[in-house]
Amino acid sequence: MGKSFAIILFCCFVSVLKAQDSLCVFKVKGTAYCKQSNALKPLSKGTFIPKSSNLILAESAEITAIDSKGEAFKIDKAGEYKFSKILQHKAIKNGHGLTTKYLKLIWDELTKKGSGKTIIGGVYRGDVLMEFPRDSTKIASSKLSFSWKEHNEDANYFIFIRNIETDEVYKFSTNGTSLMLYKDNPIFYEGNDYEWAVGTEEFPNLKNIPFYSFTLIERREYQTLTKELSEVVADLKALGLTDSEIEDSICEAYGICKN
């Protein structure tokens, strides 16, 4: 019992150290390296910069890193930087609470990718295949893109879309991992709520499989909803994200999507 407790305590301690003594790469442009014990490791989104390492930026490179508290740091000049020096380059001087919350979600998403669980976009609901749209998504687009994880190489997939208003269920089949439907399809009505699920069984018990919900909205409503996030948009621009990257980020974090 005592030994097991000690192991658990050690694992928790290591996890806390990782969160407190590391930065996670959020965005990188050009060539950047993490230097530790004279070894160079190229950096990409989701990789860690430990406290014991240095950051090396090549000419014209930029890097934005985040910590577990939702703070962001940006380096955009070539050179070698100690960990303590990186912390002096805050990307957002007076960040807003929503931005901090978003970056904390990103930290969780990047650090927990290996677990197979989805943090952003809703509560984890088990080992499901659906990837987009995530649960409780609002979509403003003439095209609806559905995508999911591959079950196995030769699988056939069956996509079920339920109109929550009428309880009608529509079924589609494909051997790929995505499906494109148009909003002018007679099964869709703007403002209606829908659910969707995907699996490899042609005739499953629909009461026993998880569904993700989504709502079709007008572009006007999309603009209204994104205006409420104007402070977040301003902060994300300060982090160096493009307009399309900001749209993707809002879709991923807040479920407000142009698809």
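Analyst: Val198, Gly199, Thr200, Ile209 and Pro210 lie nearest the centre of the second largest pocket, which is lined by 13 residues. A pocket here is an open set of points on a 1 Å grid over the protein atoms alone, where a 1.4 Å probe fits, with protein on both sides within 12 Å along at least five of seven lines; lining residues have an atom within 4 Å of a point. Strand 15 (residues 193–199) gives the largest share of this lining, three residues; strands are DSSP runs of E of at least two residues, and helices are runs of H or I of at least four, numbered from the N terminus. By class, the lining has nine nonpolar, two polar and two charged residues, where Ala, Val, Leu, Ile, Met, Phe, Trp, Tyr, Cys and Pro count as nonpolar, Asp, Glu, Lys and Arg as charged, and the others, Gly among them, as polar.

The model is predicted: local features need pLDDT of at least 70 and side-chain atom pairs pLDDT 80 or more, while totals for chains, interfaces and linings use all residues. Residues are numbered from 1 along each chain as its sequence is written, and side-chain values use heavy atoms, without hydrogens and water.

Elsewhere, asparagine 259 is found in the segment after strand 17 (256–257). Asparagine 259 touches Phe132, Ile139, Ser141, Lys143, Leu144 and Ser145, leaving aside residues up to four places away in sequence; contact means heavy atoms within 4.5 Å. Leucine 144 is 115 residues from asparagine 259 in sequence, yet their C-alpha atoms are 6.6 Å apart.
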